[in-house]
Amino acid sequence: MRRLGILAAALLLAVAAAIPAGAVQPGERLADPALEARARSLSAELRCMVCQNQSIDDSDAELAHDLRVLVRERLSAGDTDAQVLDFVVARYGEFVLLKPRFNARNALLWGTPVLLLVVGGAVVFAFGRSRRRYASEKLSGEEQAALRRILDENGKGRPEGA
Amino acid sequence: MIVETGHFALVLAFALALVQSVVPLVGARTGEARLMAAGGPVAIAGFALTALAFAALTAAYVQSDFSVANVWQNSHSLKPMLYKVTGTWGNHEGSMLLWVVILAFFGALVAVFGRNLPATLRANVLAVQGWIGAAFLLFVLATSNPFVRLEPAPFEGRDLNPILQDIGLAIHPPLLYLGYVGFSISFSFAVAALIEGRIDAAWARWVRPWTLAAWVFLTGGIAMGSYWAYYELGWGGFWFWDPVENASFMPWLAGTALLHSAIVMEKRSALKIWTILLAILTFSLSLLGTFLVRSGVLTSVHAFATDPTRGVFILGILVVFIGGSLALFALRAGSLTAGGLFHPISREGALVLNNLFLTTATATVLVGTLYPLVVEAISGDKISVGAPFFNLTFGPLMLPLLLLIPFGPLLAWKRGDVFAVAQRLMAAFGGALLAVLATLLLVDGASVFAALGIGIAVWMVLGALTDLAQKSALGAVPLGVAARRFAGLPRSVFGTALAHMGMGLSVLGIVATVAFEVEHITVMKPGETTEIAGRTLRFEGVAPVQGPNFTETQARFVLMQGGVSRGALISSKRIYTARQMPTTEAGILTRGLSQLYVSLGDETGDGGMVVRIWWKPLVTLIWLGGAVMMAGGAVSLTDRRLRVGAPSRRTRPSAVPSGAKA
């Protein structure tokens, strides 16, 4: 949710927006590659609060820089990923999370895909079953005879394929 | 004078749209042939008038007529001619005018090509087009008039947003709108069918090609927008799950579902009611996208609340059209007859499954896009729904769909044999397995997930090829016969295979880029080299360059491999003079299907420069796959069935040795 927001906004809303020159600075990185990798993936989940739809990993805003440093400080201090997120949310609110939490308020958000797939699947299944019953009803003797007559008249069976 | 002519033409077009909304409809109701016949010429004249208005605005841009407020706000006399022209739609008012022009264009196409449609259907379709046209023309005239004059006229304009001064602006919005607005035809046909209370073979034959055409354009528009963002924004991302992107992606997903259900309807006259509903929903999502983007509601609910004129107007259009058409659907759907029967395991069944996954995916994107707005409106809390959410929900929904794609075209209509199809797909499966193993063995640090992703992409591509091979009976008959059969396959079979193959190629590009991309952020001084993905990049130096309306610092890099130069690239930073606005222009070097992407950061003071370098393997496949999908749609549009398929004629059994034979 990053710079395209700016491009799209610029294009569609015709608002002026400065293009960030880039995000993570060489000096910010941690020496430990494993820790740095965790910092990067956490950064991708945190919103740059002053930007339009950018994660702090992609933004060069001052606030994003501060948050990146903060995340790395917490990680260096031995926090788990969840602890880091809790810490940031405690400071900035849930708005900072690009992936909303599982809770009652977000139940519809997270539940919709599952719910629709289950309900939709059930409808399709039920529809298929009722159709099958209908389809498998036997023809009466009279209808059978009529069918045979028509088939004979045409000389051959159904057209191939189609 | 030109500007006033344009303005006047637009008002006339609105008046004609009102005529188009009422007269053919009354004609169809009363059976008055002359009233029905009025629809065609009125639609064509309406298109001519809106096109004239658009040409007038373009002329004002070309001449840099700053007495027009819209031109003054978005143009500059020093701007290159291309961007003067494209700047016409690089702003709210102009782009809404483009929207209306394209709508009128499609209306005129129905009028011209629809001469052999049943008269009442044609009249009703044109009337519905007239309603949409009237609503949006009124919107433009009342809230977004591009022809407003300034007095006194300023000397110089304020320039177009530099990010938009790119060839992308020439291609992306027109393509996107051709897709977006093109779905209005399927919508109008659906509403017309509901008004008439019946769907016949003519209806089905008409809807599919129009949907397909709109889909081809929308695919192109989205792919082009993605590539534009990729090279223009200096970060190298290709999809961002931004609400504005989602706004165009939702109609694409629903449109793809519509395309597939329309096939069932055309071939087997089943799924009629569902197809009608999808046609309504698809265009409703186009309208919703227009609302989201145009009302400013995305930037902030509060911004929307403070200047709600435009937003409320579009919201009104939205409510009337979506609510009205759904209400009509609820009233009339019962009177439509259900169609043919089929076994769950059949081509129809596979297409139903396709629809299930695609509509669920559409709903997921819809809920994710609107949820923050709804939560804020209800509780005042602000939450964000971003890329991590969509990746986690949309991805798993697509996975089964992608896996099942190769089965669909090989299954027979009515009743298929899934085991027989699986047997035919053994070779494709073997190829995919090989790809998985090769990825694990040959690529350093490849995860199992990445390898499986590559495998799925290869499976889709080989599955599409298997379809073609099976339908030309390759291996079962002598080679010459198979070649003749191959050449004789209907275009729609090639279209399907190409579209599915294109999807596979895009997936391959996405997986390879996401999984195997190498990023390197460093500080470089002129003359220094750095290593990336087994290649050496040398920073040659910087040079100032004066552009027409910007100044630029160009940095030159040379890519070396084994001591040999493999090409040079220029990455630069620009300052646009009029707005004093900086932009980065990424340097991109394409090697085969992969790209080296270099973006400049800040200067460090001691002559060094922060440089971000990415090696993006197979990245071009993401968009080439989109181009292949478009080609598939285009080839399918040239199918004999569609060219000669005059709706009045009876459906002849197609000579496709499709399902039953394959």
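In which sense, parallel or antiparallel, do strand β8 and strand β9 of chain B pair, and over how many bridges? The model in which this pairing is found is a predicted one. Strand β8 of chain B covers residues 594-603 and strand β9 covers residues 609-616; the two pair in the antiparallel sense, over seven bridges. One residue pair can be located directly: S599(B) has R612(B), in β9(B), as its bridge partner. As a general point, the strands of a sheet pair through backbone hydrogen bonds, in either a parallel or an antiparallel arrangement.

The pairing belongs to an open sheet of four strands in chain B, ordered β1-β9-β8-β7, with antiparallel pairing. β1 (518-524) and β7 (587-591) of chain B each have a single partner strand and stand at the edges, so each has one side without a neighbour in the sheet. On average, neighbouring strands of this sheet are turned by 20° against each other, with direction ignored.

The rest of the description concerns the chain as a whole. The secondary structure of chain B consists of 21 helices and nine strands. Along the principal axes, the C-alpha atoms of chain B fill a box of roughly 80 × 75 × 55 Å. Chain B has a radius of gyration of 27 Å, which agrees with a compact globule, because a globule of 662 residues would have a value near 26 Å.

Two further values describe the packing and the contacts. Of the 662 residues in chain B, 56% are buried. Where contacts in chain B link residues at least 6 apart in sequence, 74% of them join residues at least 24 apart.

Conventions: Residues are numbered from 1 along each chain as its sequence is written. Chains are lettered from A and ligands numbered from 1 in the order in which they are written. This is a predicted model: local features need pLDDT of at least 70, side-chain atom pairs count only at pLDDT 80 or more; totals for chains, interfaces and linings use all residues. The radius of gyration is taken over C-alpha atoms; the globule rule is 2.2 Å times the number of residues to the power 0.38. A residue is buried if 20 or more other C-beta atoms lie within 10 Å of its own, exposed if 12 or fewer, and partly exposed in between; C-beta atoms are placed from the backbone. Two residues are in contact if their C-beta atoms, placed from the backbone, lie within 7 Å. Two strands pair if DSSP finds at least two bridges between them. Axes are lines fitted to C-alpha atoms, for helices over the stretch in contact, and angles run from 0 to 180 degrees between N-to-C directions.
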